[in-house]
Amino acid sequence: MDFLILNDGTPWLSILLFLPLGGAVVQMLLPGDKAARLWAMLVTIATAVISLPLYFKFDPNTALYQFGENHVWIPSLNIHYTLGVDGISLLLVLMTTLLMPLCVLGSWRYIQKRVKEFMVCLLLMESFMLGVFMALDFVLFYVLWEAMLIPMYLLIGVWGGPRKIYASIKFFLYTLAGSVMLLVAIIALYLKTGSFSIPAMMGQDYSAVFQTWVFLAFFLAFAIKVPMFPFHTWLPAAHVEAPTAGSVILASVLLKMGTYGFLRFCLPITPLASFTFMPYVLWLSVAGILYGGFTALAQSDMKKLIAYSSVGHMGFVTLGIFMLNGQGVEGAILQMINHGITTGALFLCVGMIYERTHSRELSSAMGVGQYMPIYVTFLAFFSLSSLAFPATNSFVGEFLILAGAFAKNKVVAACAIPGAILAAAYMFRMLQKVVWGGTSNPDQSYLSDLNLREIVTLAPLLFFVFWIGLAPKPFMNVMHTSVTHLLNQVNVAQAGGAVTVAKVLLP
Amino acid sequence: MNPMLFAPELALLFGSLLLFFLSLSSGSGGRQARNMTLAIALVAVVLTFAGFSQQGSLFYAVYKVDQFSQLFKLLIGCGLVVVLLFGGELKGVSDEVRPEYYLFLLLSTLGLVMLVSSVELLTFFIALELSSYSLYLLVPMRDDRTGVRSQMEAAIKYILFGVVATGVMLFGMSYLFGLTGTTYFSELLPKLHAMGGQPAAVVGIVMVMGGFFYKLGVFPFHFWVPDVYQGSSNETTAFIASVPKLGAVAMLIRITTLVAPHSVMVVNLLMGLAVASMFYGNLVALVQKDVKRMLGFSGIAHAGFVLLGLLTLQESGYATSMYYIFGYVVMNLACFLVICKVSGQGENVMIEDLSGLHKRAPLLALTLGVGMFALAGIPPFVGFMGKFMLLTGALQQGHLTLVILAALNTAIAIYYYLSVVRVAFCNDPEERPLVPVDGVTGVVSIGLMVIIIAMGVAPAGVLSMATEALRAIL
């Protein structure tokens, strides 16, 4: 286990994994809705607080996995319970723990029926999501990755909107169908290396054909999760029908698992194939950016608008990852965090207006600025962040990605640029309607502005929007060594002469 | 002779006699019979447990008690107890015939318990027939509520296909005897191995397997499954769908050990049957409306999965098959528990009848959800771990195409399991009544859920127990 720095005696990661899980079990025994809300709040805040030391104790000068834990789980198949975080997963873990209390807070009044079960699902989701980012054993990873489908399915299917059945089944089938081949690829890798340890699978000398098949199996699973064009069709349905907290979890954390999968598995385990398929992935990303942007422009449902904008933003992330250079990948990781914060906040905002008007239609939210000044202030900042306005978080991420893209290939980069302009177009269109509307606004005088709970929900996210926007250094620092290490792993393959059609597809 | 070796069988046998006398007395003794059966089953389980580490052979060495047989006997006994606990009301069977019903249920279990211990072809046959004929009689005992006597149709189909399968098996046995001149397993094994892949030996072994493919519901011996599942009363189906499958897998493992190593023909044949069972079961299950019928087709698909472990011809493969069938029985019992409870008067349960179960009986809805997701192979439940290990074992032997087809089947199957969960959790109950859950059922369903999760999260214990048991027969 030379890739792992064991923890200093306190199993931080196990605590993070099992605290929400234990909280969910206790939750089942608690009576009453109020107790359910308070208990879920308590558990998620405790998890968030416990995750903080990870940042402070994290050593940014090593690419090894830190806070490691390693126990034998199933000896006959050499399966271990291995946890650890590096610069790539650390921020994702912290973002997840930050968002979960806000999800609970955002569902405080929105969820009125079966509160206890709802909170149980949220806590289970938190546990599984954190586990996915921390797992260093492929079986552990896969178990958590699939187990997550059950609470997410219930979140959409039970507490969702009018078309919840269609949306939840589509989500489940799509994601599961994508992952079955992942399982076959995992077993094939195990038979090659004799271990399910993820770091032990990296940097092995697999044949090009083997890498190609494994890459394709990985790609299908992760591209569906991201979701990349043309695998995105489950996303608008699921986002729109999910309750607010479900949309936030989906957009902020679940989508990141796809891109995290590319970084953690595709690039280091199948570097040769990553080079071979790079041009295709880049063009799919560009297609996603433009398609997401244009489709968002045409939406009249606010949630749908933000859902399609996610397709575009995640296109930028995959674009950055498959640039395979330092700026691109670092920008992509930062953009994953940014998208989590900004889009999560936007979904919370839509949820707040929905609680008041019971409609997600843009036309029924016209002109609320007059009666809800605090609300539209928040909304404006988050919208600016979403379109990558300078001094907000997304600007830093997108700038890095585009800088990396121009360094690599000017044609692809130039094709992605309209995506940034489209983002401004659809965000300003929404903002204009919500803040001012037109001459035919519906009567909004009955609306009350945000209360303290809602302000507390949004304020931390706004804080991070500006913190990352103005001083991204603390966030960039932790990932730098890991990203460099990752790119070294990939470039070894390139030096070995990867066959690439890059000449044709990337002029 | 050490009496402990045969104690569970004796307990079941005397129990059956008691029930026989009870059935002679006039007046309905349904409740009494059920309590007596439960007590006998518990005694048998306790006796098996007490004699768990016993070893020895009986009756001129045709009957062998070892770790392997004891493990299966214990599970068969526990399966019976669970079925009796949640199916105690026996809603679909009239009170008059209940003593007989329980008599045949016990005899069938006795047959299974004897089956896993027999190491000689004729003993094998007798034990199997004892178990099968008792089951054939349970099916038509259901009340005729539809007016079309569907239980009779089911029983006739069950018995006809059963007899054909038995015929095939006997024919195979004659081949084995003709080739080797013995009916003892211990002598068959070296002789058949020495013959290698000789076609006559292969045909003989495969035909003997046929008898157990029938019990397990493997394509092409599956035709009885949907009709019998649908036609028998819920409690009977719960038994047929779970306990005899333990015996079938135990015997299939024993017979598979007769196959000469590297016998490509048998492996290819099993592979073909596995793929056919999985695709047939899963695709047809997609359109079912009756939950029991759907579970029947899903059982065919799962039988295909069990073959995945057998066709590796490795000890580890057999161990995963055992693990899988143990898990399957638990998951299946969890689902049938819900069916038995939701059914008000013993009628069949349609998928829509489960609407809003989360409001009508939250615990049952949870049990159903866990059972269905486990059957679908979603982690952290036992179904996933079993599938995962079976796929690993099969890929280890280089069966890549088979593994990919099996993985695709997981994706197909999720749809119909999910549609049951959807109806139970996402639909409103409308006018459907509440489902009362008594304490015993509650405890049993929680127990089943705990086993499903525990076996999925920590499979190492069960797996090493299975491996140890296999050492006794290999």
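Which residues does Glu430(B) touch, not counting residues up to four places away in sequence?

Modeller: The model is a predicted one, and chain B has a mean pLDDT of 88, with 99% of its residues at 70 or more. The scores of the model are ipTM 0.90 and pTM 0.92.

Glu430(B) touches Ser355(B) and Gly356(B), once residues up to four places away in sequence are left out. Gly356(B) is 74 residues from Glu430(B) along the chain, yet the C-alpha atoms of these two residues are separated by 7.7 Å. Glu430(B) belongs to the loop between helix 17 (400–426) and helix 18 (439–457) of chain B. Glu430(B) counts as exposed, because 8 other C-beta atoms lie within 10 Å, and the limit for an exposed residue is 12 or fewer.

Two other loops of chain B also deserve attention. In the loop between strand 1 (56–58) and strand 2 (63–65) of chain B lies Ala61(B). The phi of Ala61(B) is positive, near 65°, in a residue other than glycine. Ala61(B) is partly exposed, with 13 other C-beta atoms within 10 Å. The loop between helix 8 (199–216) and helix 9 (224–231) of chain B holds Pro220(B). The peptide bond that joins Phe219(B) to Pro220(B) is cis, with omega about 0°.

The C-alpha trace of chain B spans about 65 × 55 × 40 Å along its principal axes. For 474 residues, a compact globule would have a radius of gyration near 23 Å, and the 21 Å of chain B agrees with that expectation. Of the 474 residues in chain B, 59% are buried. Among contacts in chain B with a separation of 6 or more, 81% join residues 24 or more positions apart; the pair Glu430(B) and Gly356(B), in contact and 74 residues apart along the chain, is one example.

Chain A can be described in the same terms. Its secondary structure comes to 20 helices and three strands, and its C-alpha trace spans about 65 × 55 × 40 Å along the principal axes. A compact globule of 507 residues would have a radius of gyration near 23 Å, and chain A, at 22 Å, agrees. Buried residues account for 61% of the 507 residues in chain A. In chain A, 82% of the contacts with a separation of 6 or more are between residues 24 or more positions apart.

Asn78(A) is placed in the loop between strand 2 (65–74) and strand 3 (79–85) of chain A. Although not a glycine, Asn78(A) has a positive phi of about 60°. Asn78(A) is partly exposed, with 16 other C-beta atoms within 10 Å. A cis peptide bond is found between Val226(A) and Pro227(A), where omega is about -10°. Pro227(A) lies in the loop between helix 9 (208–225) and helix 10 (234–241) of chain A.

Helix packing in chain A may be illustrated by two pairs. The axes of helix 4 (residues 115–134) and helix 6 (residues 149–159) of chain A come within 9 Å and cross at roughly 150°. Helix 4 of chain A is therefore roughly antiparallel to helix 6 of chain A, and the crossing is left-handed. Helix 4 of chain A contributes Phe118(A), Cys121(A), Leu124(A) and Met125(A) to this contact, while helix 6 of chain A contributes Pro151(A), Met152(A), Leu154(A), Leu155(A) and Trp159(A). The second pair is helix 16 (residues 393–408) and helix 17 (residues 410–435) of chain A, whose axes come within 8 Å and cross at roughly 155°. These two helices of chain A are likewise roughly antiparallel to each other. Residues in their contact include Leu402(A) and Phe406(A) of helix 16 of chain A, and Val412(A) and Ala416(A) of helix 17 of chain A.

The two chains meet through 27 residues from chain A and 25 residues from chain B. On the side of chain A that touches chain B, the elements giving two or more residues are helix 5 (138–147), helix 6 and helix 7 (164–193) of chain A. Helix 7 of chain A supplies the largest share of that side, 15 residues.

How values were computed:
Residues are numbered from 1 along each chain as its sequence is written. Chains are lettered from A and ligands numbered from 1 in the order in which they are written. This is a predicted model: local features need pLDDT of at least 70, side-chain atom pairs count only at pLDDT 80 or more; totals for chains, interfaces and linings use all residues. pLDDT is the predictor's confidence in each residue, from 0 to 100. Helices (H or I, at least four residues) and strands (E, at least two) are DSSP runs, numbered from the N terminus. The radius of gyration is taken over C-alpha atoms; the globule rule is 2.2 Å times the number of residues to the power 0.38. A residue is buried if 20 or more other C-beta atoms lie within 10 Å of its own, exposed if 12 or fewer, and partly exposed in between; C-beta atoms are placed from the backbone. Two residues are in contact if their C-beta atoms, placed from the backbone, lie within 7 Å. Axes are lines fitted to C-alpha atoms, for helices over the stretch in contact, and angles run from 0 to 180 degrees between N-to-C directions. Angles under 35 degrees count as roughly parallel, over 145 as roughly antiparallel, 65 to 115 as roughly perpendicular and the rest as oblique. A crossing is left-handed if the near helix is turned anticlockwise from the far one by less than a right angle, and right-handed if clockwise.
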